[in-house]
Amino acid sequence: MKILMVCLGNICRSPIAEGLLAEKAAKANLDWIIDSAGTSGYHIGEPPHHLSQKVALINGIDISAQKCRQFNAQDILIYDKIYAMDASNYADIKHLCGKNWVNNKVKLILEELHPGKNMEVPDPWYGGEDGFHQVFKLLDDACERIIQQYTSNLK
Ligand code: 4NP
């Protein structure tokens with residue numbers, strides 16, 4: 001499986017999602033490729049936000065080696081599944097994909113936990129550390145569900 005996590009900046013939310021899913025896939029002996037990208041180009045080449053790094057590390061996950069990149073229309077051809085953090089990320093992904101768009105590959109990540117609710121991972125960019133802990137918890141639960149669902153479907 002190749003899975004891409006997408007948010008606006010690829011600096012706060014999707015780097016945490018990438019780190020979490022990579023960690024959980026490795027623990028489950030799944031040879032998955034996990035990456036993340038931003039729909040904007042504001043932070044290309046930068047490491048994750050210092051609070052994303054801090055909160056991930058408190059929880060035992062080192063995301064410091066990640067580098068921000070921008071989502072592009074080839075990504076939807078390369079990845080099996082693309083997870084958007086919020087509805088505007090979803091709309092931006094669709095726009096950036098153009099004629100490559102494939103509806104069933106792209107999903108709001110919290111749909112894994114609460115199907116049909118269109119819930120969003122809130123953007124912690126303008127807030128304090130608490131927001132990053134909240135994001136981590138939501139993404140931890142969602143990534144756990146992704147692994148559980150995949151492994152139970154194999155049985
Ligand atoms: P992210 O958060 O989409 O979770 O990475 C943001 C990061 C940067 C900006 C907005 C949101 N920004 O406006 O630069």
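Hi everyone. First, the ground rules: this is a predicted model, in which local features need pLDDT of at least 70, side-chain atom pairs count only at pLDDT 80 or more, and totals for chains, interfaces and linings use all residues. Residues are numbered from 1 along each chain as its sequence is written, and side-chain values use heavy atoms, leaving out hydrogens and water.

Let's start with the whole chain. The protein chain has five helices and four strands; here helices (H or I, at least four residues) and strands (E, at least two) are DSSP runs, numbered from the N terminus. Reading from the N terminus, the order is β-α-β-α-α-β-α-β-α. The radius of gyration is 14 Å, close to the 15 Å that the globule rule gives for 155 residues, so the chain is as compact as a globular protein of that length. That radius is taken over C-alpha atoms, and the rule is 2.2 Å times the number of residues to the power 0.38. Along the principal axes, the C-alpha atoms fill a box of roughly 40 × 35 × 30 Å.

How much of the chain is buried? Of its 155 residues, 47% are, where buried means under 20% relative accessible area, exposed over 50%, and partly exposed in between (1.4 Å probe, protein chains only). As for contacts (heavy atoms within 4.5 Å), 73% of those with a separation of 6 or more join residues 24 or more positions apart.

Now let's zoom in on helix H2, residues 50–58. Which of its residues are buried? They are Leu-51, Ser-52, Val-55 and Ala-56. Down the axis of H2 these fall within an arc of 130 degrees, so they line one face of the helix; the arc is that of the directions from the helix axis to the C-beta atoms. Here is a handy reminder: an α-helix has 3.6 residues a turn, so residues three or four places apart point the same way. The cover over the buried residues of H2 includes H1 and helix H5 (129–154). On the face turned away sit the exposed residues His-50, Leu-57 and Ile-58. After H2 comes Gly-60, with a positive phi near 85 degrees.

My last stop is Ser-14, in helix H1 (residues 13–27). Is Ser-14 buried or exposed? Its relative accessibility is 0%, so Ser-14 counts as buried. Leaving aside residues up to four places away in sequence, Ser-14 touches Met-5, Val-6, Cys-7, Ser-36, Ala-37 and Met-85.
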